[in-house]
Amino acid sequence: METMLRSTTNFDEAALAHAVARFKALADRTRLGILLLMVGRTDAICVCEVNEFFDLEQPTISHHLKVLREAGLVVSERRASWAYYPLHPAAEDWVRTTLA
C-alpha cells in the first residue's frame, strides 16, 4: 500500500520514488550481498563470479541483478557470452557511502 503525501508536503516525488526503489532493492539479503561484493571491487563483476558466492541457480542470480539494474544501482555490459555488472556511475558514490 502506497502512502499518499498531503499536498502541502514539499517532497520531490520523483526523487522520493527513486529512493524507495533503491531501498526496496537493498531489502533483500542476496541483492545486498551482491552489492557488497561489488563495493569491494574496482572493476565490473561477471555474473559467473557472482554465482560462486551464493547457493543459488544462475537464473535466480540474474533475476536479482535485474532488480538492481532496474533500481539504477548497477548497469549491465555484454562481453562475449557473459554479462558484467559494474555499479551504476550515477549511484556508485551513494552505494559505497550507504554500504560503508
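Which residues make the nonpolar surface patch of about 260 Å²? In this predicted model, local features need pLDDT of at least 70 and side-chain atom pairs count only at pLDDT 80 or more, whereas totals for chains, interfaces and linings use all residues. Residues are numbered from 1 along each chain as its sequence is written, and side-chain values use heavy atoms, with hydrogens and water left out.

The patch is made by Phe-11, Leu-16 and Val-20; patches consist of residues with over 30% relative accessible area and no salt bridge, nonpolar side chains (Val, Leu, Ile, Met, Phe, Trp, Tyr) being joined within 5 Å and like charges within 9 Å. A salt bridge is a side-chain nitrogen of Lys or Arg within 4 Å of a carboxyl oxygen of Asp or Glu, and accessible areas come from the Shrake-Rupley method with a 1.4 Å probe, only the protein chains shown counting as cover for residues. Val-20 belongs to helix H1 (residues 13–26), helices (H or I, at least four residues) and strands (E, at least two) being DSSP runs numbered from the N terminus. At 40% relative accessibility, Val-20 is partly exposed, a class between buried (under 20%) and exposed (over 50%; 1.4 Å probe, protein chains only).

Arg-29, in helix H2 (residues 29–39), is exposed, with a relative accessible area of 76%, and its C-alpha atom is separated by 17 Å from that of Glu-70, 41 residues apart along the chain.

Three strands form an open antiparallel sheet in the order S1-S3-S2, two strands being paired if DSSP finds at least two bridges between them. Strands S1 (45–46) and S2 (77–79) stand at the edges with a single partner strand each, so one side of each is left without a neighbour in the sheet. S1 pairs with strand S3 (residues 82–85) over two bridges in the antiparallel sense, and Ile-45 stands opposite Tyr-85 in S3.
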